Amino acid sequence: MSGHSAYEFKNPVVRWLDERLPILSLVRGQLVDFPTPRNLNYWWTFGGILATMLVIQLLTGIVLVMHYTPHTSMAFDSVEHIMRDVNWGWLLRWMHANGAAFFFVAVYIHIFRGLYYGSYRSPREILWMIGVIIFIAMMATAFMGYVLPWGQMSYWGAVVITNLFSAFPIVGKYIVTWLWGGFTVGNPTLQRFFSLHYLLPFVLAALVFLHVWALHITGNNNPEGIEVKSKEDTLPFHPYYTMKDLFAIVVFLLVYAGFVFYSPWYLGHHINFEHANPLSTPAHIVPEWYFLPFYAMLRAIPNKLAGVLVMFSSLIILFFLPWLDRARAKSARYRPLYRQFFWLLVIVCLTLGIAGAQPAEGSWLLVARLATAWYFIHFLVILPVLSFIEKPRDLPASISEAVLGKDKA
Amino acid sequence: MTTTVDNADVSRRDFLYIATGAVGTVGTALAIWPFVDQMNPDASVLALASTEFDLAPLEEGQSVTIKWRGKPVFIRHRTKKEIEKAKKTPLSDLKDPIARNLNLPADAKATDENRVKDGAGKVNEKYLVQIGICTHLGCVPLGEAGEYKGWFCPCHGSVYDTAGRIRKGPAPRNLDIPPYKYTTDTQIVIG
């Protein structure tokens, strides 16, 4: 923990407490005085935005549970009960449903910021890997939450996703039966998903704690991609970044509130207003938008096991990213070739998302296949090759030199 | 003398370490198992009775979907044309050459006859009984649809022929045939 605060509390009661449990000096050192690179731009505010979204999801979720019933015969009706009868139930439910979507908006921006500025590079490998685990846990949480209203899309989403595990030879079908607690998705499935959907956010909170801990060991990366060298390179976290984060959080929440109040079901599927029916699959089932790129990869491969493996690999590969990219400069600002490949990757991921929403046939299938291939080529071929052939632009001597210019630094 | 005593001590201690560790590991595994196994199907789920079905009211070309163990089961009275088409298909054209009929040995060939055989070896090629769950990711396929006018899965585009055998798309296996038996010429018991 670089820059541990040496602050002495003046108030004798506070000092008495802090000598026995140094919680106040911890806050002082990590959240007030914490030395933060002076050049962080607004892309760095998404960490704070994500923490805010986690708190919103926890609070709205805890109160929704006071009115929801996890049983196949009552779940659908209890959600409608929340929407119509419960005081402010409509607001809490729309905040929770859209909160999940905006959680993913923020996490995708956060991840791509890390990719652009090389935030996964040494010494931040563990920080990055914990982040990948958080992302995977978030996806599991969101998936199980979407099953709870027990509409048609909830039900068939649960069927398709749990069946992914049936692709594994021999043990696959036992795993699926074990996940279901029956011979198909049914009441036991709904009840365990409810239990886990309540548990996982607290696991997420614990993972976020580890993520922030790792961050506070290495300090923030920054747009220059060079490490902090002197006091001149940093500012105290408060008030400089508390205010910057707060401003970004307010702007982000404005957009979120726009959806909650004016278009709460824009990101949903109308078919989920129909009660789950195990005998009839809707004509066109699609997952929530934030899963579409992965769904496109799954469908792009004509073999079941291979499709499942490719989809899971697209996440697992992120764990190896710190060792696949060995370029001399971290930040894309100083990497003219990588910068172009970064934007190509963004386009490829967006394309996968669009392809995932289309029926898996004809030219969209071809597009999904090419985009899936490129996703893996980017990480397994382009990044290692660029590490050797790319000549980075000259790096500044320090962060303060980059900010203030050579003369003043 | 000292060495001997030391050695004896060490090996005795090693034994105690290993024994304690083994008991601890086995004990932990035993304690974890109830927490894992509670998620498997419970007695009320396993107790689901078999389902009887009367085939007589089913006209040629008609299908019904009934529920068995919470799963959809397709029962189709196939037309002569459909049976002809299914019989003419050479086994080499099939993506999955195995019958997938729980009433037959696991390696039975996916001939049309093997797709309509019940648990006692009775064959009535008019009636095709199969679990209506796509072997890809578990959606319910649509009947009389797709390139072979058999079944077509709307989720990821798997195409089955008129004997429920996979012909195109991502599904790895033919539609499963549940265990069933004719009790009379027009009456079956599934399960």
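How many aromatic pairs does a search of the whole structure find over all chains? The search gives 39, where rings of Phe, Tyr and Trp (its six-membered ring) pair if their centres lie within 6.5 Å, and planes under 30 degrees apart count as stacked, over 60 as edge-to-face and the rest as tilted. One edge-to-face pair joins W90(A) and F261(A), at 6.4 Å centre to centre with 70° between the planes. This pair links distant parts of the chain, 171 residues apart: W90(A) belongs to helix α5 (residues 89–117) and F261(A) to helix α10 (residues 237–262) of chain A.

The model is predicted: local features need pLDDT of at least 70 and side-chain atom pairs pLDDT 80 or more, while totals for chains, interfaces and linings use all residues. Side-chain values use heavy atoms, without hydrogens and water.

A single aromatic cluster is formed by W43(A), F46(A), F102(A), F252(A), Y256(A), F259(A) and Y266(A). Rings also meet charges here. The charged end of K244(A) sits over the ring of Y42(A), 4.6 Å from its centre, and R69(B) lies over the face of F183(A), 4.1 Å from the ring centre; the criterion is NZ of Lys or CZ of Arg within 6 Å of the ring centre and within 35 degrees of the ring normal.

Turning to helix α1 of chain A, L17(A) has its place there. L17(A) is partly exposed, with a relative accessible area of 37%.

Conventions: Residues are numbered from 1 along each chain as its sequence is written. Chains are lettered from A and ligands numbered from 1 in the order in which they are written. Helices (H or I, at least four residues) and strands (E, at least two) are DSSP runs, numbered from the N terminus. Buried means under 20% relative accessible area, exposed over 50%, partly exposed in between (1.4 Å probe, protein chains only).
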